Amino acid sequence: MKFSPSLSKLTKSDKPQFVSLMSSAFCRDPLFLHVLGDSELDFQARSYVTAFVSFMFDKSFLLHEEVWGVFENEDLQGAYVVENPHANKLQSIRGGLLLIGRLLPLCFRMPRQTLHLLNSYMRLTRSFAPKLPHHYLIMIGVQPDHQGKGVGKALLNHLLHTVNKDPNSQGVALDTENKENVTMYQKVGFILNNETRLDDLPIYCMFYPSRMGK
């Protein structure tokens, strides 16, 4: 039976499904393992992952990022979060102030060292991002039971189509810590811009130049 994905923007009511999905999809992710711990074996690490993914979902709405997902029979099978290059500055400032209210509880749920590592990762990866206006792929994940069925491909194709038709964007940047992902992204047009490290964790910084910018 041919896979026919149904993509739609997520709403705030989709938060429980999003948190469950991303917590499962990223449980073996090198960055999550390095910073948050092994959520499959450690209850404390599981609580860190849940808190972090929950914060990322709230952040996406406060900062007017876009969250898209693939649904089948109202079941969320995959999703991505992308930062837009042309968010309203006034809205972004207001969202940033409101975000502080979400950040404070996170500070009480995670060790200071964990938050320091997450902040170091963000600063490091953003320093390698192109200076021109672009989208930034924050997260993309597929429910483990649905991997290999075309869900991830549908999400990525949707993102690239959005970027290619946006005259205000020169492309999309992303960072991955999984070397196997580098080849996968290169096949759809991403270029490996830089390789760096956070402690002993390798980070691959990639960029997809949009057709608009060519």
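Two strands count as paired if DSSP finds at least two bridges between them. The legends below describe a predicted model.

**View 1. Strands S2 and S3 pair in antiparallel fashion.** Strand S2 covers residues 66-72 and strand S3 covers residues 75-83. Seven bridges join S2 to S3. Glu-66 has Val-82 in S3 as its bridge partner.

**View 2. Seven strands make up an open sheet with mixed pairing.** The strand order is S1-S2-S3-S4-S5-S7-S6. At the edges are strand S1 (6-9) and strand S6 (191-198), each of which pairs on one side only. From one strand to the next, the twist averages 25°.

**View 3. Helix H1 lies across S2, S3 and strand S4.** Helix H1 is formed by residues 15-25, and strand S4 by residues 135-142. The helix runs at about 85° to S3.

**View 4. Helix H5 (residues 112-127) packs on the sheet.** Helix H5 touches S3, S4, strand S5 (171-176), S6 and strand S7 (201-209). The direction of H5 makes about 150° with that of S6.

**View 5. Thr-176 is a buried residue in strand S5.** The relative accessible area of Thr-176 is 5%, and the residue is therefore classed as buried, the cut-off being under 20%. The side chains of Thr-176 and Asn-181 are joined by a polar contact of 3.1 Å. With neighbours within four places in sequence left aside, Thr-176 is in contact with Asn-181, Val-182, Pro-202, Ile-203, Tyr-204 and Met-206.

Definitions and conventions:
Residues are numbered from 1 along each chain as its sequence is written. This is a predicted model: local features need pLDDT of at least 70, side-chain atom pairs count only at pLDDT 80 or more; totals for chains, interfaces and linings use all residues. Side-chain values use heavy atoms; hydrogens and water are left out. Helices (H or I, at least four residues) and strands (E, at least two) are DSSP runs, numbered from the N terminus. Axes are lines fitted to C-alpha atoms, for helices over the stretch in contact, and angles run from 0 to 180 degrees between N-to-C directions. Contact means heavy atoms within 4.5 Å. Buried means under 20% relative accessible area, exposed over 50%, partly exposed in between (1.4 Å probe, protein chains only). A polar contact is a pair of N or O atoms within 3.5 Å; within protein, one must be able to donate a hydrogen and the other to accept it, and residues adjacent in sequence count only if both atoms are side-chain atoms.
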